[in-house]
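Reader: I am new to this structure. Please walk me through how to read it.

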Amino acid sequence: EKTISNLLHHNDYLNVFSSHSPNGISRLVQGQTIQKIWRRGKFIVFTLELGYLYFHLRMTGQLVISIKDQDYKYITAELVFSDKTSLYFKDYRKFGRIGYAQTLNFINQMVGVEPLGRRFTFPYLQKELKKRKRQIKPLLLDQSFICGLGNIYVDECLWLSCIHPQTLSNKLQIKNVPELYRSILTVLQEAIRLNGTTIINFKYGDNNRGNFKQFLNVYARAGLPCFRCSNKIEKVFIGQRGTYFCRVCQN
DNA sequence: AACGCGGCCTGGCTGC
DNA sequence: TGCAGCCAGGCCGCGT
């Protein structure tokens, strides 16, 4: 059980504080005891007695309980507890976000169905894909559609289910949809089992590297042979995101 | 509704 | 070897 005594900001990266000013958030959370820590989509949420303190790590954010001196410039916030311990928000790129909200409305608006939750069934996916007319890759990246998939995992899902990333969601072939559904579950479950994907500096826990990278089938394999058909994997930009795919078997 | 662009940051890699 | 330029796992606000 931890009671917050203060939220300090050590650098002047105000964009990191997305809902209020740093001092504003600090005032709102001071004296509150953390009831529960949980995840929704890519947000980590601390349920307080009154309201919610939330974090988004983006690519390089970390929540750590100890820091080294040389890390100090990357510490954008420090949550100080009444027992004199601290939780640090460390982030090389300062893309991560910290915010406070009175209710969960913000999160329910921004974050769609949990792909590993009960509501995400095959008929649900099929119906939702039909409703829209968007390129499948940007759609899968849209956190309000399905939460949790990022650029790497979307490319992997589309490769596994043999779908061209620019296929319109309502034009997917009948046989591709169950394959897509299955691939979303498989990719996420495997990635979680292997603690994620470290390309450059993603870390989990206390500085560990994720091991999913060695099982990537297309991501970052431009110019290399497709594991299914040996055609060269291509890299293109779709929705301004680097996208790897096989033109021959994903069509 | 859907899409494209620019911006936010820093570190690591690539190519000259 | 040194260094400029490019690129990155995410997301938002704006314009069309």
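Author: Start with two strands. Strand β3 (residues 43-47) and strand β4 (residues 52-56) run antiparallel and are joined by five bridges. Phe46 stands opposite Leu53 in β4. This is a predicted model, in which local features need pLDDT of at least 70, side-chain atom pairs count only at pLDDT 80 or more, and totals for chains, interfaces and linings use all residues. Residues are numbered from 1 along each chain as its sequence is written, chains are lettered from A and ligands numbered from 1 in the order in which they are written, and side-chain values use heavy atoms, with hydrogens and water left out.

Reader: What counts as a strand, and when do two strands pair?

Author: Strands (E, at least two residues) and helices (H or I, at least four) are DSSP runs, numbered from the N terminus. Two strands pair if DSSP finds at least two bridges between them.

Reader: In what order do the strands around β3 and β4 lie?

Author: The order is β2-β3-β4-β8, an open sheet of four strands with antiparallel pairing. The edges are β2 (36-40) and β8 (97-101); each has a single partner strand, so one side of each lacks a neighbour in the sheet. From one strand to the next, the twist averages 25°. Angles run from 0 to 180 degrees between N-to-C directions of axes, which are lines fitted to C-alpha atoms, for helices over the stretch in contact (heavy atoms within 4.5 Å).

Reader: Which helix lies across β4 and β8?

Author: Helix α1 (residues 22-29) does, running at about 50° to β8.

Reader: What describes a pair of aromatic rings?

Author: The distance of the centres and the angle of the planes. Rings of Phe, Tyr and Trp (its six-membered ring) pair if their centres lie within 6.5 Å; planes under 30 degrees apart are stacked, over 60 edge-to-face, and the rest tilted. The whole structure has 11 aromatic pairs. One of them is Phe43 with Phe106, edge-to-face at 5.9 Å centre to centre and 90° between the planes. Phe43 is in strand β3 and Phe106 in helix α2 (residues 105-110), so this pair ties together parts 63 residues apart in sequence.

Reader: What is the strand order in the sheet that holds β1?

Author: That open sheet of four strands reads β1-β6-β7-β5, with antiparallel pairing. Here β1 (4-8) and β5 (61-64) are the edges, each with a single partner strand, so one side of each has no neighbour in the sheet. The twist averages 15° from one strand to the next. Four bridges pair β5 with strand β7 (residues 86-91). Leu63 stands opposite Phe89 in β7.

Reader: Which residues come nearest to DNA strand B?

Author: A residue is near a strand if one of its heavy atoms lies within 4 Å of it. Of the 15 residues around DNA strand B, Tyr13, Tyr74, Tyr92, Lys133 and Gln240 come nearest.
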